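I opened my notebook for a new structure today. I wanted to look things up one at a time.

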Amino acid sequence: MIEYILPKDRPISFISVLDKVRDIIAKVKEEGDKAIIDYTAKFDNYLLSDIKANQDEIKSQASLLDDNVRNAIDIIYDQLTDFHKSMMPPNSGGGKNGIEFGVVWKPIEKVGIYVPGGIKTYPSTLLMAGIPAKIAGVKEIYVATPKEKVDPAIAYISIRLNIRGIYKIGGAQAIAALAYGTESVKKVDKIVGPGNIYVQAAKYLVSENVGIDGIEGPTELVVIADDSANPENVALDLLAQGEHGKTSFLVLISTSEFLVNRIKSMLPNEGNFYIIKVNNIDEAIQIANDIAPEHLSIATSSPLQLLSKISNAGAITLGNTPPALIDYCAGPDHILPTNGWARFKGGITVFDFLKPLSYVISEKPEKNLIKAAMILANYEGFNFHSKSIGARYE
Ligand SMILES: NC(=O)c1ccc[n+]([C@@H]2O[C@H](COP(=O)([O-])OP(=O)(O)OC[C@H]3O[C@@H](n4cnc5c(N)ncnc54)[C@H](O)[C@@H]3O)[C@@H](O)[C@H]2O)c1
Ligand SMILES: N[C@H](CO)Cc1c[nH]c[nH+]1
Ligand SMILES: [Zn+2]
């Protein structure tokens, strides 16, 4: 359905299923593999004999991959690798007042990647999470994806990424298994990846005990368009992000009456489409910043001039560039924050897989600095803190 007034919150949110998902997590914690097998039968309609795919299955599934698709994956693999390598931070350091300080970046040891698989199959998502994880140096990467047989493209990418295990499970039960471990599933240090509201609710709940990359739920696209935009292309972009399911949140904000009417006639009756007619581009930008969408497309005559005015968006495509280019091959990640989380975070990068370990060493720090530390420690009532510093340097 097309609406003309924006809702206060996202029309579909993981918050609505927290109670149900809490129960699923508790059962997986209690019953391990048995619970996963039961939930997979209930929600995914297949009976698991082995939760973890064995090497023979992975190899034989990968060998089924069409050459064309394998070549496409290889091309995209290189493109994403360049982008993510360019983000790798160097170890850094310096010194002041007789103190030497620095940061050593260390990879997270064990990471679980959730690859969605309910409505569609998402090998592209495995590239988007696995490549930055590998570049960051993560040694043990595990994948969970709800398919009875491993998808050939996922099998091929897993071999390239040296994935340690593919678990043929999905939903909240897969997230619980990765967070707490079961007989068959390895407990990881951090879980990353997009998915529906059940998956994101589970990530949110297990974040009490395990790292998560954020909330990357049902797809969102906001398009800001003026009368220079091509209505057919804008409609295609909205329809494209609608392919992720009925839960996608799709918004057109436009200054052009003509564009609004043209695009309206090209949208289906099903789905969460919103069309907002505004008087000027500044109004459009204000609305987009308030929404803080996952994908933002600026289809206007001078899009680069507007870039500095955008404060909240997961990823931005400018001018005639389709958001689907980010979904597949541009370089920046398609695992992007939803539910307004773009107000405080961006898409996945190597930083999601790295920890800054900071260090200091000092034989002869400046007296003034030492005195300042002791005064502040005493002010806070931490007398032994003060003494432990004074004992060395006073
Ligand atoms: N934000 C991003 O970065 C991003 C990227 C890619 C995809 N996505 C989103 O990921 C989502 C993928 O969703 P999907 O459903 O196709 O696959 P999915 O793998 O996320 O979810 C499928 C799982 O949901 C569970 N499930 C389904 N119905 C349930 C119910 N009634 N109760 C409990 N569990 C249930 C099942 O266990 C199933 O395995 C889409 O919404 C898409 O827009 C987001
Ligand atoms: N648009 C999705 C992010 O919301 C990413 C994706 C994967 N495949 C196709 N699209
Ligand atoms: Zn997409």
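Which domains does the domain assignment of the protein give? I found three entries there: domain 1 (14-212), domain 2 (218-347) and domain 3 (364-391). I then looked up the centres of domain 1 and domain 3, taken over C-alpha atoms, and they are 46 Å apart.

**Entry: confidence.** I noted that this is a predicted model. I looked up the mean pLDDT of the protein, which is 97. I also saw that 100% of its residues reach 70 or more. The model scores are ipTM 0.99 and pTM 0.97.

**Entry: overall build.** I looked up the secondary structure and got 15 helices and 14 strands. The C-alpha atoms fill a box of roughly 80 × 60 × 45 Å along the principal axes. The protein has 394 residues, and 43% of them count as buried. I also checked contacts between residues at least 6 apart in sequence. Of these, 70% join residues at least 24 apart.

**Entry: ligand 2.** Which residues surround ligand 2? I listed Tyr 122, Ser 124, Thr 125, Thr 219, Gln 241, Glu 294, Asp 327, His 334 and Leu 336. I sorted this shell by type and got 2 nonpolar, 5 polar and 2 charged residues.

**Entry: the UniProt record.** I turned to the "binding site" annotation, which comes from an unreviewed UniProt entry. The annotation covers Thr 219, Gln 241, His 244, His 295, Asp 327, Glu 380 and His 385.

Entry: Gln 241 sits in helix H9 (residues 231-242). Is Gln 241 buried or exposed? I found 23 C-beta neighbours inside 10 Å, so Gln 241 counts as buried. Leaving aside neighbours within four places in sequence, I listed its contacts as Thr 219, Leu 221, Ser 248, Leu 250, His 295 and Pro 323.

Entry: His 385 is in helix H15 (residues 383-393). I found 15 C-beta neighbours inside 10 Å, so His 385 counts as partly exposed.

Definitions and conventions. Residues are numbered from 1 along each chain as its sequence is written. Chains are lettered from A and ligands numbered from 1 in the order in which they are written. This is a predicted model: local features need pLDDT of at least 70, side-chain atom pairs count only at pLDDT 80 or more; totals for chains, interfaces and linings use all residues. Domain bounds come from an automatic or database domain assignment. A residue is near a molecule or strand if its C-beta atom, placed from the backbone, lies within 6 Å of it. Ala, Val, Leu, Ile, Met, Phe, Trp, Tyr, Cys and Pro count as nonpolar, Asp, Glu, Lys and Arg as charged, and the others, Gly among them, as polar. pLDDT is the predictor's confidence in each residue, from 0 to 100. UniProt positions are given in the numbering used here, feature names are shortened, and annotations may be inferred rather than shown by experiment. Helices (H or I, at least four residues) and strands (E, at least two) are DSSP runs, numbered from the N terminus. A residue is buried if 20 or more other C-beta atoms lie within 10 Å of its own, exposed if 12 or fewer, and partly exposed in between; C-beta atoms are placed from the backbone. Two residues are in contact if their C-beta atoms, placed from the backbone, lie within 7 Å.
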